[in-house]
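Please read them with the structure open beside you.

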Amino acid sequence: MDESRPPFPPFRLETAIQKVRMAEDAWNTRDPRRVALAYTTNSRWRNRAEFLQGCAAIEAFLTRKWQRELDYRLIKGIWAFRENRIAVRFAYEWHDDSGNRFRSFGNENWDFDDNGLMRLRIASINDLPIRESERKFHWDRLRPRPVDHPGLSELGL
């Protein structure tokens, strides 16, 4: 599965922002296979209290995640970058199969190989129950966030 995924490190502000938006767009498809293509075959993850290694484990995790987190919509924003690393903050909205709505907030630290594939992802995430009237992410399902949709800062997040 290892190929290459431009832009490549070392990152500049423009290429780091591009990398973050590409990740956001891929995750908003909710296609585990597509998302996993951005990682090395032996990529390591920490997601909340789960520790994963390898694309098969990542795909299985994402499949479970999106079976539970319905109507998932994600916004990522760059926090910092240096050489082959990017730090991201994010928020996503979803509901469970009982209709309970949540906004999840978090931070990710990413480490990339020379081919632009992510070899390490460390994520810390907190869930906040919200009411339907508190939703802020309203674009069409399974599509990228429209370019004119506000980002995290513009939404006060």
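1. Arg44 has Leu120 of β6 as its bridge partner, and in this predicted model the strands β1 and β6 (residues 118-130) run parallel and are joined by 5 bridges. Two strands are taken to pair if DSSP finds at least two bridges between them; strands (E, at least two residues) and helices (H or I, at least four) are DSSP runs, numbered from the N terminus.

2. On conventions, residues are numbered from 1 along each chain as its sequence is written, and side-chain values use heavy atoms, with hydrogens and water left out. Because the model is predicted, local features need pLDDT of at least 70 and side-chain atom pairs count only at pLDDT 80 or more, whereas totals for chains, interfaces and linings use all residues.

3. The open sheet has 6 strands in the order β2-β1-β6-β5-β4-β3, with mixed pairing. At its edges are β2 (50-53) and β3 (70-82), each of which pairs on one side only. Neighbouring strands are turned by 20° against each other on average, direction ignored, where axes are lines fitted to C-alpha atoms (for helices over the stretch in contact) and angles run from 0 to 180 degrees between N-to-C directions.

4. Which strands does α1 touch as it packs on the sheet? The helix touches β1, β3, β4 (85-95), β5 (101-112) and β6, and its direction makes about 165° with that of β3; contact means heavy atoms within 4.5 Å. Helix α3, for its part, lies across β1, β2, β3 and β4 and runs at about 50° to β1.

5. The search of the whole structure gives 11 aromatic pairs, a pair being rings of Phe, Tyr and Trp (its six-membered ring) with centres within 6.5 Å, and with planes under 30 degrees apart counted as stacked, over 60 as edge-to-face and the rest as tilted. One of them is the edge-to-face pair of Trp45 and Phe61, at 5.8 Å centre to centre with 75° between the planes. Since Trp45 lies in strand β1 (residues 39-47) and Phe61 in helix α3 (residues 55-68), this pair ties together parts that are 16 residues apart in sequence. Both residues, Trp45 and Phe61, are buried, that is, under 20% relative accessible area, with exposed set at over 50% and partly exposed in between (1.4 Å probe, protein chains only).

6. Trp66 and Tyr72 also make an edge-to-face pair, with 5.5 Å centre to centre and 65° between the planes. Trp66 is buried at a relative accessible area of 9%, and Tyr72 is buried at 3%. Both pairs belong to one aromatic cluster formed by Trp27, Tyr39, Trp45, Phe61, Trp66, Tyr72, Phe90 and Tyr92.

7. The charged end of Arg121 sits over the ring of Trp45, 4.3 Å from its centre, and Lys76 lies over the face of Phe90, at 5.2 Å from the ring centre; the criterion is NZ of Lys or CZ of Arg within 6 Å of the ring centre and within 35 degrees of the ring normal.

8. For the chain as a whole, the elements are 3 helices and 6 strands, which run α-α-β-β-α-β-β-β-β from the N terminus on. Of its 157 residues, 48% count as buried, and residues 24 or more positions apart account for 58% of the contacts with a separation of 6 or more. The C-alpha trace spans about 45 × 30 × 25 Å along its principal axes.
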